[in-house]
Amino acid sequence: MYFPLFLDLSQKEILVVGAGRIACRRIHTLYGFAGHIAVVAPHIPEKLHIKSLISCDHKYSSRDRIKEMPVESDGYAERNITRISTIERCFEEADLDGKDLVLAATDDAILNCKIHDLCHERGIPVNVCSDAGLCDFQFPSIVEAGSVVIGINAGGKNHALVKETRRQIEQLFETKDFQSKYS
């Protein structure tokens, strides 16, 4: 059983390896909470909307295509600006340099396991999307209402229960009675 713990990620360097559906969902969840998110993947498709969080103002290095932009948070003055960088190439061990938190979210279980092992050697907490047993932390479903943030998790075992719980909480926040008391 996992203990729910809320962390200030506003000054943290987060690495997401992969740009599939799960990686995209987690990036969008982290957006607005994290100071900087670096995304490394051989290809970052437009349809995943990661690029929608990034400016059209591109920066290029000689080796990698890197795009970076400060993005306004979603109206919460207390939040820092989230920066997202995309690096379109395969993961390299050096990508872990200076990182505080890593999400291994590729479709390659062997690569995810390698990233896990490298993170453990460096003392970096890691979440491996392909193997809950390799996760140092669980990634919660998030519900936000004003300054209230609720994280929902079922130990990685019952995604349907998490989804239903989230739906019910969101409905609670939408009720007139709740809004009149807490808005």
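Where pLDDT is low, the predicted coordinates should not be read in detail. For the chain as a whole the mean pLDDT is 80, and 77% of the residues reach 70 or more.

The model is a predicted one, in which local features need pLDDT of at least 70 and side-chain atom pairs count only at pLDDT 80 or more, while totals for chains, interfaces and linings use all residues. Residues are numbered from 1 along each chain as its sequence is written, and side-chain values use heavy atoms, with hydrogens and water left out.

The chain holds 4 helices and 9 strands, where helices (H or I, at least four residues) and strands (E, at least two) are DSSP runs numbered from the N terminus. Read from the N terminus, their order is β-α-β-β-β-β-β-α-β-β-β-α-α. Of the 183 residues, 40% count as buried; buried means under 20% relative accessible area, exposed over 50%, and partly exposed in between, with a 1.4 Å probe and protein chains only. The accessible surface comes to about 10900 Å², and carbon and sulfur atoms contribute 54% of it; such areas come from the Shrake-Rupley method with a 1.4 Å probe, and for residues only the protein chains shown count as cover. Among contacts with a separation of 6 or more, 54% join residues 24 or more positions apart.

Helix H1 (residues 21-30) has as its buried residues Ala23, Cys24, Arg26, Ile27 and Leu30. Seen down the axis of H1, these fall within an arc of 165°, so they line one face of the helix; the arc is that of the directions from the helix axis to the C-beta atoms. H1 is followed by Gly32, which has a positive phi near 95°.

At the start of H2, a side-chain oxygen of Asp108 reaches to within 3.0 Å of the backbone nitrogen of Ile110. Asn112, Ile115, His116, Leu118 and Cys119 are buried in this helix, and the buried residues of H2 pack against E1, E6 and E7. Just after H2 comes Gly123, with a positive phi of about 75°.

Strand E6 includes Val102, which counts as buried because its relative accessibility is 0%. Leaving aside neighbours within four places in sequence, Val102 is in contact with Leu15, Leu96, Ile115, Cys119, Ile124, Pro125, Val126, Asn127 and Phe137. Between Val102 and Val128 the C-alpha distance is 8.6 Å, with 26 residues separating them in sequence. Pro125 sits in the loop between helix H2 (109-122) and strand E7 (126-128) and is partly exposed, at 31% relative accessibility. Beyond its neighbours within four places in sequence, the contacts of Pro125 are with Asp100, Leu101, Val102, Asp136 and Phe137. Pro125 also lies 9.5 Å from Lys99, C-alpha to C-alpha, the two being 26 residues apart in sequence.

Two buried polar residues deserve a mention. Glu88, in strand E5 (residues 82-88), has a relative accessible area of 18% and is therefore buried. A polar atom of the Glu88 side chain lies 3.0 Å from the backbone nitrogen of Ile44. Ser10 is found in the segment before strand E1 (13-17) and is buried at 16% relative accessibility. The side chains of Ser10 and Asp8 are joined by a polar contact of 2.6 Å, that is, a pair of N or O atoms within 3.5 Å; within protein, one must be able to donate a hydrogen and the other to accept it, and residues adjacent in sequence count only if both atoms are side-chain atoms.

Finally, helix H3 (residues 159-174) has 16 residues and reaches 23 Å from its first C-alpha to its last, close to the 22 Å expected at 1.5 Å a residue. Val162, Ile169 and Phe173 are the buried residues of H3. They cover an arc of only 45° around the axis, which puts them on the same side of H3. The face turned away from this buried side carries the exposed residues Ala160, Lys163 and Glu174.

Terms used:
pLDDT = per-residue confidence, 0-100. Contact = heavy atoms within 4.5 Å. Expected span 1.5 Å × (residues − 1).
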